[in-house]
Amino acid sequence: MPRSLFMGRKAFSLENSELRVTVLEEGGHLAEIFDKRAQVNPLWVPHWQSIEPSAYSPALHPEFGAGSDGKLLAGIMGHNLCLDLFGGPSQAEAAAGITAHGEGSVNRNQIAETANGILMAIRLPLAQLLFTRSLELHGHSVRIRETVENLTASDRPIAWTQHVTLAPPFLDPATTEFRASMTRSMVSETDPGESAYLETGAHFESPMAPCLCGGLADLRRMKREAPASGYTAHLADAEREDAFFIAFSPRYNLALGYVWKRADFPWLGIWEENCSRQGSPWNSRTVTRGMEFGVSPFPESRSEMIERGRLFGERTFRWLPALGKLSAEYWVVTQHCNTVPETLERPQA
């Protein structure tokens, strides 16, 4: 397991003949899932210069802003963990040091080699959680197992989301296709960018979402025209044990998919950013699609998450017992193909 640099960041890489997976030491982001045959990394590498979150200072790095997301934006990449917050902190939490999506996405991980892959571990001192993640390569697939441990003597509600963000050159708003095992859905009450095109707060059946101007948008593709932005929450099909999403690039004849147990993560959020955000560091240059599966439908404050309670009958957070643990397993799968696969099954280890 070579220690390396990725875009100037401290990193560790794990590879076989098919894939190279790179994780960042600070923030723990999966920065690349590089397919060697297709010669592409589908995950998002921001156009701005990434720095270690520990080096971030609002005074020295004004391009990232002084808000609760500044430290996160300074080092974000690829697949980002959101724990135990999915969204922004309250004013009081921010004053206490909590950053957007929680401290797990900015703090330093301990990373060690195992017999079959790597093990990442991080203690979250403000949230009083211990988080571990193991990664193993199996041909064209990556097996990921996670555990969250409560270090306090109180039951607590948590958010826990896998914020997977795709970007060019794999992602092309005009041609990249998506599939997902989702049913009842809702457009966010607030737009995450500055160029909303979907009807705010609308309920719908995936993948056809109501547009502001009338008609329907097929979320199996991004909105081709820029600028555009949006966020939709989707409930995974209760008739399936596993949930999945697939992204397919006809340019590379490559499909990237994630598959997980619906009981672990019943929600999928789809975030679109197509040159909408004008402020720094976005500067109307970012093209991304987030496929964000977890225990919560929307990025929002902790109090909003708890007060929402349920959506479509499904809980919008997860209870973590006092001194208890929660575990989950999911797979990342790549497939070389000429058309988009319509479904995805969990590989056998």
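**Close-ups of rings and strands**

The structure holds 18 aromatic pairs; here, rings of Phe, Tyr and Trp (its six-membered ring) pair if their centres lie within 6.5 Å, and planes under 30 degrees apart count as stacked, over 60 as edge-to-face and the rest as tilted. This is a predicted model, where local features need pLDDT of at least 70, side-chain atom pairs count only at pLDDT 80 or more, and totals for chains, interfaces and linings use all residues. Residues are numbered from 1 along each chain as its sequence is written, and side-chain values use heavy atoms, with hydrogens and water left out.

**View 1. W44 meets W282.** With ring centres 6.1 Å apart and planes at 10°, W44 and W282 are a stacked pair. This pair links distant parts of the chain: W44 sits in the loop between β4 and α1 (70-75), W282 in the loop between β19 (267-274) and β20 (287-294), 238 residues apart. Helices (H or I, at least four residues) and strands (E, at least two) are DSSP runs, numbered from the N terminus. W44 and W282 are both buried, meaning under 20% relative accessible area, with exposed being over 50% and partly exposed in between (1.4 Å probe, protein chains only).

**View 2. W282 also pairs with W271.** This time the rings are edge-to-face, at 6.3 Å centre to centre and 85° between the planes. W271 belongs to strand β19, and W271 is buried, as is W282. Look for R277 too: R277 lies over the face of W282, 4.4 Å from the ring centre. To count, NZ of Lys or CZ of Arg must be within 6 Å of the ring centre and within 35 degrees of the ring normal.

**View 3. β3 and β4 make a hairpin.** Strands β3 (residues 19-24) and β4 (residues 30-35) run antiparallel, joined over five bridges; two strands pair if DSSP finds at least two bridges between them. T22 stands opposite E32 in β4. Five residues lie between the strands, and G27 takes a positive phi near 95°. As for β4, six of its six residues are buried.

**View 4. Eight strands form an open sheet.** Follow the order β6-β7-β8-β9-β24-β18-β17-β11, with antiparallel pairing. β6 (110-113) and β11 (177-180) stand at the edges with a single partner strand each, so one side of each has no neighbour in the sheet. Inside this sheet, β17 (residues 242-249) and β18 (residues 254-261) pair over eight bridges, and A247 has L256 in β18 as its bridge partner.
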